[in-house]
Amino acid sequence: MILGHLSAAALARKTLFPLQSLPLLVAASYGPDFLDKPTALIMNSQGRAWGHTLLALVLLTAAGLLLARLTRLQNKTVLAISALWLVHLACDGMNQYPGIIFWPLLGPMPKLPAMSILESIQNLYIDRTMPVTLAGELVLTLAALWLWRRKKPEASTNRCF
């Protein structure tokens with residue numbers, strides 16, 4: 001889900017987190033993949049693993065809140081990162097993989113079939129084997145485009161007394 005995660009970051013910037021930097025929001029929206037994809041390449045493992053668990057989200061949030069107490073990092077920044085991490089999990093349909101999202105509560109990390117990035121792209125965009133994910137990506141992308149194209153209402157200079 002390439003455009004979907006990017007669109008989620010754009011939507012977050014335009015609605016809930018307008019004061020956060022867009023690059024930070026984009027990085028947060030791809031957070032689980034930034035953790036799992038390099039690990040998959042190095043260790044020849046699956047692309048959805050520890051970064052796609054709720055445990056990773058809880059640890060990330062706890063570490064962020066601790067860092068916020070020790071530095072000038074704002075809690076709202078931690079909230080933005082955690083929210084987009086959670087949106088990533090939802091967009092990836094992790095509810096279909098309870099053994100991964102609830103790891104380690106349901107036992108060892110399940111093994112998914114190994115798939116290259118090109119195979120993933122082909123499954124999503126060409127073969128359309130994941131219609132719900134594709135539909136979610138389209139909705140997020142269209143919503144982000146609509147919001148970003150919308151002009152901000154200009155402040156009225158006319159005042160009624």
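Modeller: What follows is a conversation about the labels given to this predicted model and the values behind them.

Biologist: How do you know how far to trust the chain, and where is confidence lowest and highest?

Modeller: The protein chain averages a pLDDT of 85, and 88% of the residues score at least 70. Confidence is lowest in helix α7, residues 117–126, with a mean of 70, and highest in helix α4, residues 54–70, where the mean is 97.

Biologist: Which elements make up the protein chain, and in what order do they run?

Modeller: The protein chain has eight helices and zero strands, so that from the N terminus on the elements read α-α-α-α-α-α-α-α. Of the contacts with a separation of 6 or more, 61% are accounted for by residues 24 or more positions apart.

Biologist: Why is H88 called buried?

Modeller: The label requires a relative accessible area under 20%, and H88, at 0%, therefore counts as buried. H88 is placed in helix α5, residues 75–91, and, leaving aside its neighbours within four places in sequence, it is in contact with H5, S29, Y30, P32, D33 and H52.

Biologist: Why is the pair D33 and K37 called a salt bridge?

Modeller: Side chains of opposite charge can pair when their charged atoms come close. The cut-off is 4 Å between a side-chain nitrogen of Lys or Arg and a carboxyl oxygen of Asp or Glu; D33 and K37 meet at 3.6 Å, N to O, and therefore qualify as a salt bridge. Both residues belong to helix α3, residues 31–43, and because they are four residues apart they are separated by about one helical turn.

Biologist: What labels do D33 and K37 receive for accessibility?

Modeller: D33 has a relative accessible area of 14% and is therefore buried, whereas K37, at 32%, lies between the limits of 20% and 50% and so counts as partly exposed.

Biologist: How many salt bridges does a search of the whole structure find, and what does the pair D92 and R48 tie together?

Modeller: The search finds two. The side chains of D92 and R48 meet in a salt bridge at 3.6 Å, N to O. D92 lies in the loop between α5 and α6, and R48 in the loop between α3 and α4, so the pair ties together parts that are 44 residues apart in sequence. With relative accessible areas of 6% for D92 and 18% for R48, each value is under 20%, and both residues are therefore called buried.

Biologist: What makes I2, L3 and L6 a nonpolar surface patch?

Modeller: Members of a patch need over 30% relative accessible area, and I2, at 43%, is partly exposed and therefore passes that threshold. I2 lies in helix α1, residues 2–14, and the patch that I2 makes with L3 and L6 covers about 250 Å².

Biologist: Where is the cis peptide bond, and what is its omega?

Modeller: The bond from W103 to P104 is cis, with omega near 5°, and P104 is found in the loop between α6 and α7.

Terms used
Residues are numbered from 1 along each chain as its sequence is written. This is a predicted model: local features need pLDDT of at least 70, side-chain atom pairs count only at pLDDT 80 or more; totals for chains, interfaces and linings use all residues. Side-chain values use heavy atoms; hydrogens and water are left out. Patches are made of residues with over 30% relative accessible area and no salt bridge: like charges are joined within 9 Å, nonpolar side chains (Val, Leu, Ile, Met, Phe, Trp, Tyr) within 5 Å. Accessible areas come from the Shrake-Rupley method with a 1.4 Å probe; for residues, only the protein chains shown count as cover. Helices (H or I, at least four residues) and strands (E, at least two) are DSSP runs, numbered from the N terminus. Buried means under 20% relative accessible area, exposed over 50%, partly exposed in between (1.4 Å probe, protein chains only). pLDDT is the predictor's confidence in each residue, from 0 to 100. Contact means heavy atoms within 4.5 Å.
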